[in-house]
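Please look over the sequence and the three-dimensional structure shown below. The report that follows describes how the parts are arranged.

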Amino acid sequence: MIDRFTALLAERPWLLADGATGSNLFERGLQSGDAPELWNADHPQRIADLQHAFIDAGADIILTNTFGGTRHRLKLHKAESRVGELNERAALIARKEADRAGRVVLVGGSMGPTGEILEPLGPLSAAAAQDAFAEQAVALKRGGADVLWIETMSSVEETEAAIAGARATGLRVVATLSFDTNGRTMMGITPFDLAALHRRNHLAACGSNCGVGPSELVASIVNLATASDAAAILVAKANCGIPQFVDGAIRFNGTSELMAQYACLALDAGARIIGGCCGTTPEHLRVMRRALESHVRGPVPDLATIEAKLGAISSGATAQLRGEMDRQAGAAAGATGRRSTGRRGSRGSAEQLQSILQGFQDTPQQRHSDREPQKDEPCFHDADLKDAEPLGPGDSGR
Ligand SMILES: [Zn+2]
C-alpha cells in the first residue's frame, strides 16, 4: 500500500509545510530554558492551537513538538524517562488537529539532534544514538505520525543514526540539514554530501531547514537539486529573515512579502515541500500559500535573482552555485565575514572540532542547539532563544 506522504505528493505539484514551533511557542508564553516538549503534557491546547493555526493558514504538513524529544535532550530537563510519553502525546495532539482539517494534512514526527557529538569526534556511539532515536520514533508512530522528520542536522553520522533509528518504525523518513556555515553545515557537510546521503539511505525526501536566512536557503536548494537525482523530493524550510535583537528578545525580520518571494523561488529552485523555520508565523504561512497557488513555476533562480529578491549569499554557497560543490576553499570565510577562525568545514580531527566549537561561541547564526545548551549562548530554534546575544551592526549577513 502506498503511504500517505507519497500519495499526497503524487496529487500535488508542491506541499506547504508548517512554520516555526519554538519561536511561536515563545510568543505563547514559553520561557527561556523551558523544554517545549514538556508542553505536550502541561499545555497541550497551546500546541494544538498553534498547529490548528498552521493548518488554517494552508499547511499540508505539520510537525510535532518534539524537536528536543530524545532522551539526551530531555535529560537536560530531568525528563529523560518521559521520551515515550512526551513524543506520543505530541503526535496525538498533531494527529487530532490534522484529522479535523477537512482535507489531507500529514503529521511529520520531528526529530532534532541529540546535542551530543558522535564518535569518532565525540563520546556518543552511533549505536547509542540510533537507540535513542528509535525510542523517540516508535513513540511518534504510536501517536499517529505519518512520516518521521529529522531536521536541523549538521553531521552525516548523526543524521544516519537518526535514519537508522527511524527505520525501526517502518515509516518513511525525511531528513533536512542546516547549512548555516558558509554553504555548509556546522560540521562541514555540503548539499552535495546530502544528495549522496539521500541516495544511500533511500529517503522519502531531503532538504535544508533553518540556517542563515531565505537567500542562503534557496541557494542550498539550487545546489542540492543540482547534485540530486531528478526524482528526489526536496524540502525547503527557511527562517523568517535574519534574526535581530529587539527589546531583549530575538526577532526575525522577515516580512510576509519576503517569505512569499522565498516560497516561489524555493519552488523554482526545485523544492516540492516548502515551509518556514524559526520566526515563521501562521500569518507568514498564509501569504506563502497564496503566493505558491498563484505562482507559475519559473527557471531555476541564479545568484543575481536570489540576491536581488532575498538578500546576499555567503561566499561558500556562491562557490557552490558556480559548480565548486566539493571544494574545501568554499568554506574559508563565514557567511557574515565576522568569523575569522574555525568552522572551516572539513571533517576529521579533534583540533578541527575544537575550532568548530570555538566558532560556535561567537556565532549568532546558530539557530538550534545541537549539543547541551549553555547559558548566554545563542540558539534560536528552541528554548534558549531569549538568551541570545545581541547582533551587532553588519551581522545581518548582508
Ligand atoms: Zn529554525
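In strand E10, Gly 275 is the bridge partner of Lys 237. The structure is a predicted model, in which local features need pLDDT of at least 70, side-chain atom pairs count only at pLDDT 80 or more, and totals for chains, interfaces and linings use all residues. Residues are numbered from 1 along each chain as its sequence is written. Helices (H or I, at least four residues) and strands (E, at least two) are DSSP runs, numbered from the N terminus.

**The sheet around strand E7**

Two strands pair if DSSP finds at least two bridges between them. Strand E7 (residues 234-238) pairs with strand E10 (residues 273-276) in the parallel sense over four bridges. Strand E6 (residues 205-210) also pairs with E7 in the parallel sense, over five bridges. Within this second pairing, Ser 208 stands opposite Ala 236, and Asn 209 stands opposite Lys 237.

These strands belong to an open sheet of eight strands, ordered E1-E10-E7-E6-E5-E4-E3-E2, with parallel pairing. Strand E1 (15-16) and strand E2 (61-63) are at the edges and have a single partner strand each, so one side of each lacks a neighbour in the sheet. Helix H11 (residues 256-269) packs on the sheet and touches E7 and E10. The direction of H11 makes about 155° with that of E10; axes are lines fitted to C-alpha atoms, for helices over the stretch in contact, and angles run from 0 to 180 degrees between N-to-C directions. Helix H1 (residues 4-11) lies across E1, E3, E4 and strand E5 (172-177), and runs at about 125° to E3.

E6, helix H10 (residues 214-227) and E7 together make a right-handed β-α-β unit. A crossover is right-handed if, with the strands pointing away from the viewer, the path from the first strand over the helix to the second runs clockwise.

**Burial**

A residue is buried if 20 or more other C-beta atoms lie within 10 Å of its own, exposed if 12 or fewer, and partly exposed in between, with C-beta atoms placed from the backbone. Of the 398 residues of the protein, 58% count as buried. Why is E7 described as largely enclosed by the rest of the structure? Five of the five residues of this strand are buried, and therefore the description applies. On one side of E7 are the buried residues Leu 234, Ala 236 and Ala 238, and on the other are Val 235 and Lys 237, also buried.

A nonpolar core is a set of buried Ala, Val, Leu, Ile, Met, Phe, Trp, Tyr and Cys residues joined through C-beta atoms within 7 Å. The largest such core has 104 residues, of which Leu 148, Ile 150, Val 174, Val 218 and Ala 266 touch the most other members. H11 gives the most to this core, with ten residues. Two residues are in contact if their C-beta atoms, placed from the backbone, lie within 7 Å. Leaving aside residues up to four places away in sequence, Val 218 touches Tyr 262, Leu 265, Ala 266, Ala 269, Pro 301, Ile 306 and Leu 310.

**Helix H7**

The 18 residues of helix H7 (residues 126-143) should span 26 Å at 1.5 Å a residue, and the end C-alpha atoms are 26 Å apart, which agrees. The expected span of a helix is 1.5 Å times one less than its number of residues. The buried residues of H7 include Ala 129, Phe 133, Gln 136 and Leu 140. Among the elements covering the buried residues of H7 are H6, E3, strand E4 (147-153) and helix H8 (156-166). After H7 comes Gly 144, with a positive phi near 115°.

**Local backbone features**

A cis peptide bond joins Glu 119 and Pro 120, with omega about 5°. Pro 120 lies in the loop between E3 and H7.

Val 104 is in the loop between helix H6 (83-99) and strand E3 (106-111). Val 104 counts as partly exposed because it has 16 C-beta neighbours inside 10 Å. Val 104 and Asp 60 are 44 residues apart in sequence, while their C-alpha atoms are 7.0 Å apart in space.
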